[in-house]
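Subject: Structure handover

Hello,

I am passing the structure below on to you. Please look it over, then read the notes under it.

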Amino acid sequence: GYCLISVLETMKTYSAEDGLTEEALVTKLRTCRHHHLFLHTSLKHNSSGTCRWGEFGEGGLLWGECNARYFEWFEGNPVNELLIKVKELYGLDDEVTFRNVTVASENRPRPLHLGTATQIGAIPTEGIPCLLKVLLPSNCTGLPVLYVRDLLLNPPAYVIASTIQAICKLMGNVTCSIPEFTCVSSAKLVKLLELREVNHIEFCKIKCVLDEILQMYKNPELSEILKLLMDPTWVATGLKVDFETLVNECEWVSHRIGEMISLDGEYDQNISSYPIIPSDFFGDMESSWKGRVKRIHLEEAFAEVEKAAEALSLAVTEDFLPIVSRIKATIAPFGGPRGEILYVLVDEICRGTETAKGTCIAGSIVETLDAIGCLGIVSTHLHGIFDLPLATKNTAYKAMGTEYADGQTKPTWKLIDGICRESLAFETALREGVPERIIQRAEVLYLSVYKKDSFLNFTSDLNVSSSDEAYGQLSIIRKRAIHSRIESLNQMETLRMEVQNAITTICQKKLLELYRKKNTSELREINCVLIAARELPPPSTIGASSVYVMLQPDRKIYVGETDDLEGRVRAHRSKEGMQ
């Protein structure tokens, strides 16, 4: 048969496949992407003493395939001569070594014939649909498709095929959330690392791959799958690594990258912001380099930039703001003396009247102050003002910061950017001596009326306050949550547990009603699974109906139901700010 030697310059590896039929060789030439093609002179001078190519001579299958491409002849030891040519082509030193990653061909089925590969669409052919598009979901693209296609074209040994089958069976029954399985071209990464051209995005991708491996290792349900993946990975890459070595190296590299690269969720590198300087200006100046490397490694540069931004703001304030203020005062729209109001402080605006109309009056006042360029602060507990379609250009929203400590929400007494729709009314009342049973009842009433509108957006027909029974259950859940707060849990974890209890109660109630109608006594268990950021739902949810509860960045809770949970998760995460 024929022998095909493949050399991968970026990875510094080579592999040899022998015993190939002419059809199998042509199939490989059509499906593998290569930059250079070399043909050994033994094709001309074969053992039969003829100078013809292949079984059919000139005009045969292999001859026709190679004749349509650019190629060069070479002679001598195939492996040694080919490596010499690769080093010459890419300007590599003679000392550079290439690793042999050949996987023994014993017990491997023969590669697909050209006709078979064409008929299943593994080789793109006009008029023939690709089998892979039928087998794989529509969102499966890129490297995974190439891997599955290679398995079809070059079936692995039976023991490896059985391992892959076992992995698929285990994966289909997984009930916990799974990693996103970041796919990155190893050849591309190696080349970028070699040239020292890896940016923070590529480093983050590398860290994602490593962390996903570690996530599988630490999860009892996924650890067995990770162990089984070792042998198919060795066949695909030629790299045989001990399992514990893989885990240890992943931990070390992930830690090293984490020490250097600024990761998602780190907020110590915000773009400079001053009220009188357009935000786009600072964005243009700083967005190209902030958020790349951890601040600790560039502290001096950060300090210089912050000092320069402050100096710019001070200069504009002192040199231009008085002129602008004077001009605005002279063209003030109101009658009477045109005085100059420097600052306005309004506390609890329109608090003494009916809430809805008071909110609208407050909004109109804010619009007016904004339009005339007045400086000042307006404080309010009228949270409805944030939902009004205010026509403002210069108004900035600020809130008091809070932290969760000792099982309670406490103010930090620091002003932060953003909108706050919450209050510490219950905590303050409790601290001032109001009996706890009154506070508990107040919280239940608050949940039953206000949270229904501002926090729970149900897309299903579930209604938290639709019956006395559900109302009573929510009351019990809320009381239990208040008394069982654990100090180590942060506010989001507490909220997650409360939501899980509430949804479980509601779903069980609905199932009970359904089972009563069907005269069924067996009550199915409600299984809640946490899907963290950068994770996907369990494969066992495919084809099943699910109720999902999403904790949004704005602290709202979105509840929906779907038959395609993974698709819904991806759709939500595709929106801005929801990644």
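This is a predicted model: local features need pLDDT of at least 70, side-chain atom pairs count only at pLDDT 80 or more; totals for chains, interfaces and linings use all residues.

Residues are numbered from 1 along each chain as its sequence is written, and side-chain values use heavy atoms, with hydrogens and water left out.

Helix 21 spans residues 565-573, and its buried residues are L565, V569, H572 and R573. Helices (H or I, at least four residues) and strands (E, at least two) are DSSP runs, numbered from the N terminus. Buried means under 20% relative accessible area, exposed over 50%, and partly exposed in between (1.4 Å probe, protein chains only).

The buried residues of helix 21 pack against strand 12 (535-536), strand 13 (546-551) and strand 14 (557-562); contact here means heavy atoms within 4.5 Å.

Most residues other than glycine have a negative phi. E348, not a glycine, has a positive phi of about 50°. E348 sits in the loop between strand 7 (344-347) and helix 16 (355-371) and is partly exposed, at 25% relative accessibility. W413 is not a glycine either, and its phi is positive at about 60°. W413 belongs to strand 10 (residues 408-417) and is exposed, with a relative accessible area of 69%.

Finally, V134 lies in helix 5 (residues 131-135) and is exposed, at 67% relative accessible area.

Regards
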